[in-house]
Structures are given as C-alpha cells and as structure tokens.
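Student: Could we go through this structure together? I would like to learn how to read it.

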Amino acid sequence: MDGTATGPVAEDRRTLDDAVLATHSERVRSQGWSVIENAIEPDLADAIFEDLLRLERELGIVPADNFFEGRRTTRIYNLLVHGLLYQRIPVHPNVLPVVEAVLDPGLLISSLSSIAIGSDELAQPIHSDDQLIPLPKPHPPLICNTMWAITDFTEANGATRLCPGTHLADHSPNPLEHHDSIPAEMPKGGVLVWVGSLWHGGGANTTAERRVGIAMNYCAGYVRQQENQQLGIPLGTVRRFPRRLQELCGYSIYNGLIGHIDKQHPGKLLLGTEEDASLVWDYAKGTDT
C-alpha cells in the first residue's frame, strides 16, 4: 500500500469496548504504563510496515550518528506529511480514548515517527520523555506516549524497556547510568501506552530481524509540541485532514484561551472551518439589567 494515495481516509473501527479502554487508562494513570493487545488491525500494521520500507528507499533514510537515536536504528519523522495511511494513526479509536483519559480531550500530537531497531543495536539510554520540561517532579501527566508494535516486540529484538514505578520519582534518570528495567513485550498489533515521566528506553536487538514500531506521542494542550506541527505540515495538507486530526495538530483552542489568533479560532481563520472562538473573557460580559 502506498501511503501517498489520494482519496478519503479509511475509518478504523473500535474493536475494544469502553470497559477495556477504561481499564487501560486507569492502569496508565496509576502504574505509569499499559499494553493494549490487539489494538491495531493486522492489515493496518502490514500496510505501515511496507510503506515505511518505501519511504526509507525514496527518502534515503539511514541511521543517525548518535547513540541516543541509535546507530543501527532507522527513524522517519513527521510522518503526517507522507500520506493518508499515517493520518489513521493519531485518531485510532482503540488508542486515542485511552490517551484522552490520561491527559484530556484537548491534547495535541507531539510527534509521529517510526523507529526500526536493527540487528546488533545496543540498548537506548534510559530516559523520561518529560525530562527537558523544567518542572518539579512528580507532577500531573503532561505527556502520554504510545508505541505501536508493527512487528512482534520481544526482549531479544529490542522491546521498549520500562522502569516500573519511576513515573512517581522526584527526579529524572541520568541517561549515562544503568537502571534496572523490564521489557514491554507484545505481539504485532499491540500498543504500549505510558506517561512521559516513566523511565524507559529502546531495548538491544540481538536477533537478525528488525523491530519496527510507530512512536505516536501526545502532549497536553498547554505544552509545546516536540515536532512543530503547524510549521512542519503544509497548510494545504492540513486542510485535507479530518477535523479531529486538525485539532490534534494544534488548529484548536485549549480551555477557551490557549491557541487563539487575535481572538479568532485558528481552524476558522486558517482552514475555513465553521467554528467560532469561544474565549474565556466572553463569559465575563454579563448581561444588562
């Protein structure tokens, strides 16, 4: 499947009921992480796997030259510019509700990228995803990230490693030190969800096969996104997104204030949507008596 194909974006069906999703969101809030098995349809996982290979060829993607991203790990960033296939990821109905329950519905896409850990790759340094945000810890969730298993994730092939309980720590890890961790193993189609304060890192791959995942990362609506969605995605492309995806990219207003443009709704001003901005000070007008 070519992710650049034109036409309407396929709508994925929710196959997990409300009780199952609520269990996962509560587990993420309390324990810091959860694995949603059978979240992603096999056909979708297969299509993503094949299209990532296409992108690697066409874009000439090669591993980075640093040990954090991985010298045998291939990453493709800003996937929303690469076709309709990737528009299905941020809004998947088996995953997005879990993240919305951990943050809130005003959340944003922080980044969307692929991570293919190659054979003989070393373990990534343990880190937390909110490590660069200068706030005291512990704090309420600001970031909630997901890792989609496009292939099976095993301890041998580099499954994401987690340090349970560290989402409650009062500090971030030193990436240069050793930290005890466990592998978040899951079959193809599973999705790992965790809060940004949980210590974690990609595992070492001691097999001959690549471990392929999609890092679909979200942040609270009041936090700056890791990848600049408004500048990184052409406006003409955003205009073709479904409305919910436009909101997740930042063409929305958070809590009646954050994100407006001269008191106008960014969706209406830049994308031609029908909505008006309802800003917090509108409620202070009162009524004449």
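This is a predicted model: local features need pLDDT of at least 70, side-chain atom pairs count only at pLDDT 80 or more; totals for chains, interfaces and linings use all residues.

Student: Understood. How many residues does helix H1 have?

Tutor: Helix H1 covers residues 18-31, which makes 14 residues. From its first C-alpha to its last it reaches 19 Å, close to the 20 Å expected at 1.5 Å a residue.

Student: And which residues of H1 are buried?

Tutor: Leu-21, His-24, Ser-25 and Val-28 are buried in H1. They lie on the same side of H1, because they cover an arc of only 95° around the axis.

Student: Why do residues three or four places apart point the same way?

Tutor: An α-helix has 3.6 residues a turn, so residues with that spacing point the same way.

Student: What is found at the start of H1, and what follows H1?

Tutor: At the start, a side-chain oxygen of Asp-17 comes to within 3.2 Å of the backbone nitrogen of Ala-19. After H1 comes Gly-32, with a positive phi near 95°.

Student: Changing topic: which residues other than glycine have a positive phi?

Tutor: Asp-120 is one of them, with a phi of about 70°; Asn-255 is another, with a phi near 50°. Most residues other than glycine have a negative phi.

Student: Where are those two?

Tutor: Asp-120 is in the loop between E3 and E4. Asn-255 belongs to the loop between helix H7 (243-248) and helix H8 (266-271).

Student: Is Asn-255 buried or exposed?

Tutor: Asn-255 counts as exposed, because its relative accessibility is 60%.

Student: Which residues does the cis peptide bond join?

Tutor: It joins Lys-137 and Pro-138, with omega at about -5°. Pro-138 is in the loop between strand E3 (108-117) and E4.

Student: What does Trp-148 touch?

Tutor: Leaving aside residues up to four places away in sequence, Trp-148 touches several residues, including Ile-48, Phe-153, Val-191 and Ile-214.

Conventions. Residues are numbered from 1 along each chain as its sequence is written. Side-chain values use heavy atoms; hydrogens and water are left out. Helices (H or I, at least four residues) and strands (E, at least two) are DSSP runs, numbered from the N terminus. The expected span of a helix is 1.5 Å times one less than its number of residues. Buried means under 20% relative accessible area, exposed over 50%, partly exposed in between (1.4 Å probe, protein chains only). The arc is that of the directions from the helix axis to the C-beta atoms. A polar contact is a pair of N or O atoms within 3.5 Å; within protein, one must be able to donate a hydrogen and the other to accept it, and residues adjacent in sequence count only if both atoms are side-chain atoms. Contact means heavy atoms within 4.5 Å.
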